[in-house]
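Here is a short walk through the model in your viewer. Keep the selection tool handy and follow along stop by stop.

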Amino acid sequence: MNSILSNLGWNETFQQQLESSNHTEAIPARVTRIDRGRYTVHTGESVTSAQLSGSFLNGYQTALEQPTIGDWVLIDPLELTQGHLITHVLERKSLFARQSSGKTSGNQLLAANIDYLFIIAGLDQDYNPRRIQRYLTQAWNSGAQPVVILNKADLLEDKSQIIEELKRQIPDTPIHAVSALYLEKLESLNPYLGRGNTIALSGSSGVGKSSLINALLGEERLLTQSNRADDNRGRHTTSWRELIVLASGTCVIDLPGMRELQLTGEEAGVMKAFSDINFLARNCRFRNCRHEGEPGCALQEAMDSGELSLERFGQFTKLKNENASARKRGKARKPKIFPKQNKWREKESVFKEIAIQYRKTNNAKRKLNQEDGF
Ligand code: GDP
Ligand code: ZN
């Protein structure tokens, strides 16, 4: 297997996809950046510009099939004046997405083929465990392993209570308190930073994502909020995303500019993100208990005894309902993918009806003719 590519996260599964395709002459490359339809791709040896080929553009049906950052694509070896042509997107091992804002639009793809999804929160006055929970719900749906990073640990004398509380709520998710600014406890992130691993950094603006990437890079490559503010080109308002390769051979995808993270509707994420509640709910008397006042509801009992806080139950219900509406919206949109076929089916039944009538009249005529002795 190509070792230069494996530094970028290429593995056996992708190699097999390439070999079983009819395009073994194509060059595999990883998408590192997207600017209005222009893709920057890394082939392991060079970074080049590419765009979607005409046949790709004609062939795809949903936005899900378009390449996003972190995707492995196949490019045509022939380089045109406008760059290479992307002909295929290889099957992903994970995908982090959110629902686009607005009622009718679908999902916005954020990053693909990630191993670890870092959910970053700052231990400052903006600390909000509910926001972590929302990111976590979506992260568990991505197929990547979520890791919670509590940054700005230097600001808080005693963090043990916050960490213990969070650990109790999300026992399945590793939690690390670090300081990106003062380079404290960053070594606790080493297990995720192996060669060929891909991590994506998510979290609200201002939690220290750029600072953390700079700390991992060992240089001030990204502008942080303190120097972005007086950057008169207004770069703090941009929302570009980029895949950066660290010296250790770890790929880091920065996901800045996220004001909100809308859930996309998969049920599993809520279940994983609220595994403490899920665990309790196994003792509800009815298997399909909706936890809305049914007799023998274990969640109600846990709230009565104080084992489960009303606030946490409230957030569970909120995200579950939000997820269910996202799912419904997704279902309502689906038939639109094949409108032509539905119309054709309607027409087909009209044609069938005409054919039956025609046959009936013809048979009747033939009968009459026979009776007349012709
Ligand atoms: P981003 O918007 O998530 O990329 O956040 P930035 O990296 O731009 O950081 C936002 C602000 O928080 C900046 O002023 C940073 O200097 C500050 N900051 C980042 N990390 C830390 C930290 O570990 N401790 C403290 N005290 N401040 C930090
Ligand atoms: Zn119940």
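Start by selecting F118 and Y192: both are buried, meaning under 20% relative accessible area, with over 50% called exposed and anything in between partly exposed (1.4 Å probe, protein chains only). A word on conventions: this is a predicted model, where local features need pLDDT of at least 70, side-chain atom pairs count only at pLDDT 80 or more, and totals for chains, interfaces and linings use all residues. Residues are numbered from 1 along each chain as its sequence is written, chains are lettered from A and ligands numbered from 1 in the order in which they are written, and side-chain values use heavy atoms, leaving out hydrogens and water.

Stay with Y192, which has 9% relative accessibility. F118 and Y192 form an edge-to-face aromatic pair, 5.7 Å centre to centre with 80° between the planes; rings of Phe, Tyr and Trp (its six-membered ring) pair if their centres lie within 6.5 Å, and planes under 30 degrees apart count as stacked, over 60 as edge-to-face and the rest as tilted.

Next, jump to the zinc ion (ligand 2). Its protein donors are C284 (SG), C289 (SG), H291 (ND1) and C297 (SG), 2.2 to 2.4 Å away; donors are N, O and S atoms within 2.8 Å of the metal (3.2 Å for Na, K and Ca), and water is not among the atoms, so sites may look incomplete. Along the sequence, the donor residues are spaced C-x4-C-x1-H-x5-C.

Finally, select W10, F14 and W72, which form one aromatic cluster.
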